[in-house]
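Please look over the structure shown here. The report that follows begins with one residue and then widens to the chain.

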Amino acid sequence: AASGENKEDDANGNAADKDAEKKSPKDYLTYEDFIFFMLSEEDKANEISVRYWFTCIDVDGDGMLNNMEMRSFYALQQHRMQQLGHEYIPFEDMLCQMIDMIKPKNEEFIIVEDFLQEECAPVSGALFDALFNLNKYLQFEQRDPFQERQKREDEYESDWDRFACMDYNRLAMEEEAREEDAMEIDWVTVDDEDEDAEDFNLGLGGSSEAPF
């Protein structure tokens, strides 16, 4: 089962393994890699995910996210906004909104500890979505305050639990719909066979009397 423990084990791998991967980079994802990525993508509020996405943005590896690094990633999202006909959101507006939510100690850059503040946890993923996932960022921009309150008060302990439950229900409904369609096809086939048999009998005269 995919769990936060698996992610932590993955993230805390020994230095020798990491060095080996750097020397011979993989051009594919293993199952463990995929699970780690899915957990990081769907639950950006936990520390392992925060550190993963932070490292992706921290291109120069100095432990600080500066405007230049964030702007380079956001440029691709702006290009996609224009291509898809969405309202264009300038980088300065996006960054100002994120700074207001994250409240970093120094507004010139953001460090990973800024994301890990307790009050920042519910919105820590918003910046990562703005830089990597346009669909989720636009959903965040157009969010319904009432639905957000319901989300905070629901039974799920994490965004991953919520995603897993909703996706499982979606797949179950799709499977049920396929089974219903298959049953309808079976009934249509039976009806067609009955009609063919009736037509065949009529072709023989449609009568039980002897022909002579």
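## A buried tryptophan

In this predicted model, W53 is buried, with a relative accessible area of 4%, where buried means under 20% relative accessible area, exposed over 50% and partly exposed in between, with a 1.4 Å probe and protein chains only. W53 belongs to helix α4, residues 47-57; helices (H or I, at least four residues) and strands (E, at least two) are DSSP runs numbered from the N terminus.

Apart from neighbours within four places in sequence, W53 is in contact (heavy atoms within 4.5 Å) with F37, S40, E41, K44, F128 and F132. From a polar atom of the W53 side chain to the backbone oxygen of S40 the distance is 2.9 Å. Although W53 and F132 are 79 residues apart in sequence, their C-alpha atoms lie 9.2 Å apart in space.

## Helix α8

Helix α8 (residues 124-132) is largely enclosed by the rest of the structure, because eight of its nine residues are buried. Its buried residues, among them F128, pack against α4, α5 (67-84), α6 (91-102), α7 (112-115) and α9 (134-141).

## The chain as a whole

The chain has 11 helices and zero strands, and 25% of its 212 residues count as buried. Among contacts between residues at least 6 apart in sequence, 58% join residues at least 24 apart.

## Basis of the values

Residues are numbered from 1 along each chain as its sequence is written, and side-chain values use heavy atoms, with hydrogens and water left out. As the model is predicted, local features need pLDDT of at least 70 and side-chain atom pairs count only at pLDDT 80 or more, while totals for chains, interfaces and linings use all residues.

Definitions and conventions:
A polar contact is a pair of N or O atoms within 3.5 Å; within protein, one must be able to donate a hydrogen and the other to accept it, and residues adjacent in sequence count only if both atoms are side-chain atoms.
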